[in-house]
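Colleague: Could you walk me through this model before I start on it? I would like the overall picture, and then some of the local detail.

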Amino acid sequence: MIIEDIAFIPLQAQLPAGRSYGMAKSLASARATTLVRLRLSDGTEGVGECWGMPAVNLAMLPLVKGYLLGSHVLDVEHVFSQMLARHYHFGVQGAMTWCISGIDMAAKDAAGKVLGLPVHRLIGGKQASQVPIYASGGYLTEDSERDFAPQIEAMAKAGHRAIKIKIGVSLANDEQRVAAAREILGPEVEILVDINSNYTLDLARESIERLVRYGIGWVEEPLAPQDFSGYEALHRWSPVPIATGEALYTAFDFKRLIDRRAVDVVQPDLSLCGGFWQGRQIAQLAMMEHLRLSPHVWGTGVGLAAAVHFVASLPAYPHAGNVPRSTLVEYDLGDNPLRDSILVNPLAQNDGVIAVPDAPGLGIEIDWDAVERHVVR
């Protein structure tokens with residue numbers, strides 16, 4: 001179970017002309033990621049996914065390989081700790097943590113395959129056999145006025161019980177989009193809104209005041225991720241739950257947020273925050289303060305599979321047999337060939353839940369021919 005090699009594969013899928021989509025701050029004209037391929041001495045391979053710019057991850061690869069090659073795959077968390085400690089001038093936010101995140105996924109995948117265990121058995125045990133999702137869509141587009149209602153109508157037709165939409169362009173536009181979504185979806189569907197950190201504290205308050213009558217499930221990233229004081233003030237005032245965390249790295253970042261009780265729902269992204277290694281510590285911090293957690297997922301089917309195993313392994317505490325609000329996994333509805341096409345057996349939601357794979361490792365199989373079509377050279 002010795003790590004013999006680690007490869008990073010830069011992937012990109014260009015979106016068709018006129019089909020860019022995204023958030024209040026920017027639209028994406030392509031989806032990109034870094035796929036991790038880790039090989040053990042017996043030939044077993046594991047896969048993972050790193051957030052961030054693939055070229056930056058590739059530049060970091062020689063450094064991280066220098067630490068990890070020759071290590072036992074079950075010892076990687078100690079190696080990661082050495083890396084962060086020795087390179088403390090790098091900080092925890094950035095490429096080193098992106099790389100650690102993807103490599104940790106791949107290491108757990110490979111270890112599970114050797115041991116004949118699914119990843120959720122390696123990171124805490126199986127608490128749930130299926131995990132609920134929320135449908136993430138309602139994107140800003142190149143013609144948002146034209147494209148918004150069809151996106152919501154498709155969500156309604158699919159029968160999603162919880163959905164997320166992008167807001168944050170302006171206060172008036174926020175209310176317009178949420179009112180339209182509520183009218184299309186009806187009163188029973190939970191609507192979550194995502195500002196993507198485009199507001200200041202005063203604007204966030206004004207937006208929430210306008211939206212509260214529409215029964216919002218949470219307001220996500222209303223403020224810049226480093227505005228911990230702002231989150232604390234907003235959380236103390238807001239009648240709507242506050243969610244954030246997709247741009248926070250490691251348990252150190254989340255501790256600053258959680259210690260202030262400045263959030264209701266923490267949202268680590270396993271491809272960015274430090275993989276399962278840090279995700280488990282973040283979950284522990286949240287549980288100790290009795291906060292909800294919902295992992296952010298906006299990448300390939302590899303990251304989605306990791307999030308499903310992660311949520312399946314989390315304790316239900318403080319709940320027991322009756323769980324009033326289940327932990328939700330983000331299920332991106334945006335056009336993204338990297339989500340499904342690179343897997344032989346992509347995880348799919350059915351009636352609002354994803355079955356937790358029981359096959360060894362992440363329980364997914366990569367279609368390497370499909371991967372080859374998206375490699376950036």
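Modeller: We can go from the whole chain to single residues, bearing in mind that this is a predicted model.

Colleague: Fine. How many helices and strands does the chain have?

Modeller: The secondary structure comes to 13 helices and 15 strands. The radius of gyration is 20 Å, close to the 21 Å that the globule rule gives for 377 residues, so the chain is as compact as a globular protein of that length. Along the principal axes, the C-alpha atoms fill a box of roughly 60 × 45 × 45 Å.

Colleague: And what share of the residues is buried?

Modeller: Buried residues make up 55% of the 377 in the chain. Among contacts with a separation of 6 or more, 75% are between residues 24 or more positions apart. The accessible surface comes to about 15,400 Å², and carbon and sulfur atoms account for 51% of that surface.

Colleague: What about charge, how many positive and negative side chains are there?

Modeller: There are 32 positive and 43 negative side chains, and the centres of the two sets lie 2 Å apart.

Colleague: How many salt bridges does that give?

Modeller: The count comes to 28 salt bridges. One of them is formed by Glu77 and Lys108, whose closest N and O atoms are 2.8 Å apart. That pair links distant parts of the chain, with Glu77 in helix H2 (residues 76-86) and Lys108 in helix H3 (residues 95-115), 31 residues apart.

Colleague: Is Lys108 buried or exposed?

Modeller: Lys108 is buried, with a relative accessible area of 10%, whereas Glu77 is partly exposed at 23%.

Colleague: Let me move to Glu175. Which residue does the Glu175 side chain meet in a salt bridge?

Modeller: Glu175 meets Arg213, with an N to O distance of 3.2 Å. Glu175 counts as buried because its relative accessibility is 18%, under the 20% cut-off, while Arg213 is exposed, with a relative accessible area of 62%.

Colleague: Now helix H8. Which of the H8 residues are buried?

Modeller: In H8, which covers residues 228-237, the buried ones are Phe228, Gly230, Tyr231, Glu232 and Leu234. The buried residues of H8 pack against helix H7 (201-211), strand E11 (242-244) and helix H9 (250-259).

Colleague: Back to salt bridges for a moment. What is the distance between the closest N and O atoms of Arg339 and Asp340?

Modeller: For the salt bridge between Arg339 and Asp340, the closest N and O atoms are 3.7 Å apart. Arg339 counts as buried at 14% relative accessibility, and Asp340 counts as partly exposed at 31%. Elsewhere, salt bridges that share partners join Lys164, Lys166, Asp194, Glu220 and Glu330 into one network.

Colleague: I also want to check the backbone. Where is the cis peptide bond?

Modeller: A cis peptide bond joins Tyr317 and Pro318, with omega at about 10 degrees. Pro318 is found in the loop between helix H11 (301-313) and strand E14 (329-332).

Colleague: And what is phi for Ser197?

Modeller: Phi of Ser197 is near 60 degrees, which is a positive value in a residue other than glycine. Ser197 is in the loop between strand E9 (190-194) and H7, and counts as buried at 12% relative accessibility. Asp351 likewise has a positive phi, near 55 degrees, and this residue lies in the loop between helix H12 (337-340) and strand E15 (353-355).

Colleague: Is Asp351 buried or exposed?

Modeller: Asp351 counts as exposed, at 57% relative accessibility.

Notes:
Residues are numbered from 1 along each chain as its sequence is written. This is a predicted model: local features need pLDDT of at least 70, side-chain atom pairs count only at pLDDT 80 or more; totals for chains, interfaces and linings use all residues. Side-chain values use heavy atoms; hydrogens and water are left out. Helices (H or I, at least four residues) and strands (E, at least two) are DSSP runs, numbered from the N terminus. The radius of gyration is taken over C-alpha atoms; the globule rule is 2.2 Å times the number of residues to the power 0.38. Buried means under 20% relative accessible area, exposed over 50%, partly exposed in between (1.4 Å probe, protein chains only). Contact means heavy atoms within 4.5 Å. Accessible areas come from the Shrake-Rupley method with a 1.4 Å probe; for residues, only the protein chains shown count as cover. Lys and Arg count as positive and Asp and Glu as negative; His and the chain ends are not counted. The place of a charge is taken as NZ of Lys, CZ of Arg, CG of Asp or CD of Glu. A salt bridge is a side-chain nitrogen of Lys or Arg within 4 Å of a carboxyl oxygen of Asp or Glu.
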